[in-house]
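Here are some notes for a colleague who is opening this entry without having seen it before.

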Amino acid sequence: QVQLVESGGGLVQAGDSLRLSCEASGRSFDAYTVAWFRQAPGNGRQFVAGITWENRMYGVDSGKGRFTVSRDNYKNTVYLQMNSLKPEDTAVYYCAATQRIIGPTLWAQCDYWGQGTQVTVSS
């Protein structure tokens with residue numbers, strides 16, 4: 001199996017930027033798809049962005065022009081760059097991975113999940 005550890009969260013002000021990292025251990029990401037989700041208090045978990053190792057990238061309208069997902073195979077790390085942060089972005093951010101061939105609508109069923117990193121955006 002693969003272990004995922006998120007980092008890079010913190011308390012920032014609206015308009016600031018954060019770069020979240022998802023580091024894998026146990027196994028390399030290899031051909032894994034990696035996705036970012038977030039969950040705010042009182043809300044369900046929602047998809048943010050994802051990337052396959054073929055560099056197919058996916059996102060959502062709420063992150064348009066602000067969020068970018070990328071990877072560094074040498075470091076076995078996937079990143080989520082978040083710019084122009086808004087208070088509504090406040091949530092625990094999780095990365096998830098799967099080696100199964102599934103589309104973005106099924107990435108909530110990823111096999112491996114990290115413990116999350118807290119992002120808090122103040123106004």
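1. A strand here is a DSSP run of E of at least two residues, and strands are numbered from the N terminus. The model is predicted. Read along the sequence, the protein gives the pattern β-β-β-β-β-β-β-β-β-β-β. The count behind that pattern is 11 strands and 0 helices.

2. How does the radius of gyration agree with that of a compact globule? For 123 residues the globule rule gives a value near 14 Å, and the protein has 13 Å, so the two agree. Along the principal axes, the C-alpha atoms fill a box of roughly 40 × 25 × 25 Å.

3. Contacts in the chain reach across the sequence. Counting those between residues at least 6 apart, 56% join residues at least 24 apart.

4. What share of the residues is buried? Of the 123 residues, 41% count as buried, where buried means under 20% relative accessible area.

5. The largest pocket holds about 190 Å³ of space. It is lined by 15 residues, and those closest to its centre are Thr33, Thr52, Glu54, Ile101 and Ile102.

6. Which kinds of residue make up the lining of the largest pocket? The lining divides into 7 nonpolar, 5 polar and 3 charged residues.

Definitions and conventions. Residues numbered from 1 in each chain as written. Predicted model: local features only at pLDDT ≥ 70, side-chain atom pairs only at ≥ 80, totals over all residues. Heavy atoms only, no water. 1 Å grid on protein atoms, 1.4 Å probe; cavity = no way out; pocket = protein on both sides within 12 Å on 5 of 7 lines; lining within 4 Å. Points joined across faces, edges and corners; volume = space filled by probe spheres on them. Nonpolar A, V, L, I, M, F, W, Y, C, P; charged D, E, K, R; others polar. Helix = DSSP H or I, 4+ residues; strand = E, 2+ residues; numbered from the N terminus. Rg over C-alpha atoms; globule rule 2.2 N^0.38 Å. Buried < 20%, exposed > 50% of the residue type's maximum accessible area, 1.4 Å probe, protein only. Contact = heavy atoms within 4.5 Å.
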